[in-house]
Every structure is written in structure tokens, then in C-alpha cells.
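Please examine the model shown below, and then follow the explanation through its parts.

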Amino acid sequence: MSQGTALIVHAVTTDHGAATALCLAADGFNIAICDTASRQDKLEDLARSVASNGVQCRRYASDVAKEEDIVDLFSALVKDFGGLDVMVIAGPPFATSAGPLVDATTAEWDDTFAAFTRSYFLLYKYAAQQMIKQGRGGRIVSANHLVGQQAFAPQVSAYSAAAFAVRGLMQTAALELGPHNITVNSFARSLLGPSEKYETGQSIIEYVKSLKAIDAYQYVATHTPLPKKLATGDDIARVVSLLVSKDCDFMTGQTVRPVFE
């Protein structure tokens with residue numbers, strides 16, 4: 001019996017997006033996976049893997065920073081599945097620039113906030129509208145970043161500020177949606193393992209170096225007490241699985257940090 005329908009946004013942008021789709025499929029959810037039009041080949045491969053768990057799976061192309069795309073996404077999803085029970089925003093957008101605050105441009109600042117805060121606002125808004133309309137509660141889980149909990153990395157002022165902003169959005173949404181039995185939580189991801197790739201095809205280590213930011217991997221290795229210094233997509237997926245389960249019925253407005261850093 002299906003647990004309901006889970007929408008995974010940014011399903012193939014990050015390793016843990018795909019891992020979350022597979023994990024929730026194994027939990028018994030029908031899965032809707034969404035990413036940009038340029039990633040539809042990867043989405044098709046993921047959809048086949050998800051469907052092998054014996055659940056329904058459909059894929060959607062959407063630019064989640066555009067309201068018209070979000071409206072079309074939720075309209076198509078409800079038509080295909082009949083409703084929505086879980087939404088997971090699997091990854092915040094990657095930082096596209098880094099450098100000292102005194103050198104940052106207004107365009108860089110605006111682009112970061114448009115990609116990050118606007119997309120989260122729109123996804124929260126339309127997922128919540130659908131869940132309230134259904135009247136059976138729901139779960140919203142969104143990815144954030146450790147720089148949205150505490151500023152530990154210099155030269156990413158816009159990204160850190162945007163991450164703090166969506167943390168506030170998550171907590172406020174939890175207060176507003178709680179009476180509808182909708183829980184809203186997030187997880188604060190950091191750097192995942194070096195297998196994770198960015199749009200350029202670079203490994204995450206190469207990408208961080210290309211931004212000429214701090215050696216973030218050295219920071220994580222220094223501050224993580226576990227023998228395994230870097231999280232995997234599966235590690236994050238299991239946290240999401242817990243947050244959408246009945247075991248977290250009474251947990252909302254919280255940010256889980258999967259590893260101490």
C-alpha cells in the first residue's frame with residue numbers, strides 16, 4: 001500500500017536528491033521527481049530506478065525560480081497522482097560566486113537571493129496550498145547549508161545570508177502550517193563526498209578551489225569527529241526518510257545537522 005506521494009525537487013542536482021527519491025520509494029511512497037529541462041536525461045534514468053521499487057514515478061521539468069513553472073508543476077502532479085503528501089527540496093542552489101564582501105556586486109547578491117530564497121518561497125507556498133486543500137496534513141523538508149546556521153566560511157556572504165533567510169522561512173512556515181498538521185523541517189547539509197559533481201562536471205573539491213574560497217574540505221575534516229569525514233547522499237536520504245515518517249509527527253520548525261561540524 002502506498003504511503004502517499006512525495007515530490008523531490010532538484011532530484012538529480014545533487015547526489016542526495018537521487019538517493020532521497022530511491023529511499024522514499026523503498027519506504028513505499030509514489031515518487032514525483034523534478035529538475036530543470038537540461039537534466040531530463042538524468043531524471044529519466046532515475047525514474048527507471050525508482051520504479052523498480054514497485055511504486056509509481058513521474059518526472060517533471062521546471063525552473064523553480066519561476067512562478068508559472070511552479071504552478072504548472074503542482075497542477076500536473078495533482079493530475080497525475082491525485083495529491084501531494086511530502087515535498088522535499090533536495091538541495092539549495094550551488095554558490096556561483098565567492099569573494100570578499102567588499103568586492104561583491106549587487107548583481108551577484110540579487111542572483112543568489114533570486115535562485116535561493118524565491119524558489120523556496122514559491123515551493124513552500126504552492127505545496128502548502130495543496131496540502132491544506134487536501135486536509136490530511138503533510139510533510140515539507142528542505143535542504144539548507146551549515147552556513148545558514150553559523151557563518152563558518154568567509155567569502156560567501158550572499159550565500160550565507162540567503163541560507164539564513166530560508167531558515168527563517170522554514171521556521172515561520174512551521175508556525176503557520178502546524179494547525180493544518182503539516183510539519184516543516186530542514187537539514188543543514190555541508191560538503192558531501194568528492195563523487196558529487198557540479199554543473200561543469202568538476203568534482204566538488206575542484207569546484208571549491210575554482211571559487212578561490214577557503215579550503216572547506218580541510219575545515220570539515222578538522223571539525224568532524226567521526227572516522228568518515230564526509231557525508232554521502234545515502235546518509236542525507238536516511239535523515240529525510242526519518243523526518244517524513246510518523247516517528248517525527250511531533251517535530252516541526254527544526255533543522256537537523258546530519259554531522260557535527
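Helix α3, at residues 67-81, has 15 residues, and at 1.5 Å a residue it should span 21 Å; its end C-alpha atoms are 21 Å apart, which agrees. The expected span is 1.5 Å times one less than the number of residues in the helix. Helices (H or I, at least four residues) and strands (E, at least two) are DSSP runs, numbered from the N terminus. The structure is a predicted model, in which local features need pLDDT of at least 70 and side-chain atom pairs count only at pLDDT 80 or more, while totals for chains, interfaces and linings use all residues. Residues are numbered from 1 along each chain as its sequence is written, and side-chain values use heavy atoms, with hydrogens and water left out.

Within α3, the residues Ile 70, Leu 73, Phe 74, Leu 77 and Phe 81 are buried. Buried means under 20% relative accessible area, exposed over 50%, and partly exposed in between (1.4 Å probe, protein chains only). Seen down the axis of α3, the buried residues fall within an arc of 90°, so they line one face of the helix; the arc is that of the directions from the helix axis to the C-beta atoms. An α-helix has 3.6 residues a turn, so residues three or four places apart point the same way. On the other side of α3, Asp 72 and Lys 79 are exposed. The buried residues of α3 pack against strands β1 (5-9), β2 (30-35), β3 (57-61) and β4 (86-89), and also against α4 (106-134); contact means heavy atoms within 4.5 Å. After α3 comes Gly 82, with a positive phi near 90°.

Leaving aside neighbours within four places in sequence, Phe 74 is in contact with Leu 7, Leu 84, Met 87, Leu 123, Tyr 126 and Ala 127. The largest nonpolar core has 65 residues, of which Leu 7, Ile 31, Ile 33, Phe 74 and Met 87 touch the most other members. To this core α4 gives the most, with 9 residues. A nonpolar core is a set of buried Ala, Val, Leu, Ile, Met, Phe, Trp, Tyr and Cys residues joined through side-chain atoms within 4.5 Å. In soluble globular proteins, nonpolar side chains tend to be buried together.

Strand β1 includes Val 9, which is buried because its relative accessible area is 1%. Not counting residues up to four places away in sequence, Val 9 touches several residues, among them Cys 34, Val 64, Met 87 and Leu 123. Cys 34 counts as buried, at 1% relative accessibility. His 10 lies in the loop between β1 and α1 (15-26), and its phi is positive, near 60°, in a residue other than glycine. Another residue that is not a glycine, Asn 181, has a positive phi of about 60°.

The chain as a whole has 8 helices and 7 strands, and buried residues make up 52% of its 261 residues. The chain averages a pLDDT of 85, and 80% of the residues score at least 70; pLDDT is the predictor's confidence in each residue, from 0 to 100. Among the elements of the chain, β4 has the highest mean pLDDT (98) and helix α6 (residues 204-210) the lowest (51). Over residues 193-205 the pLDDT is below 50, and this stretch has 31 contacts in the model beyond near neighbours in sequence.
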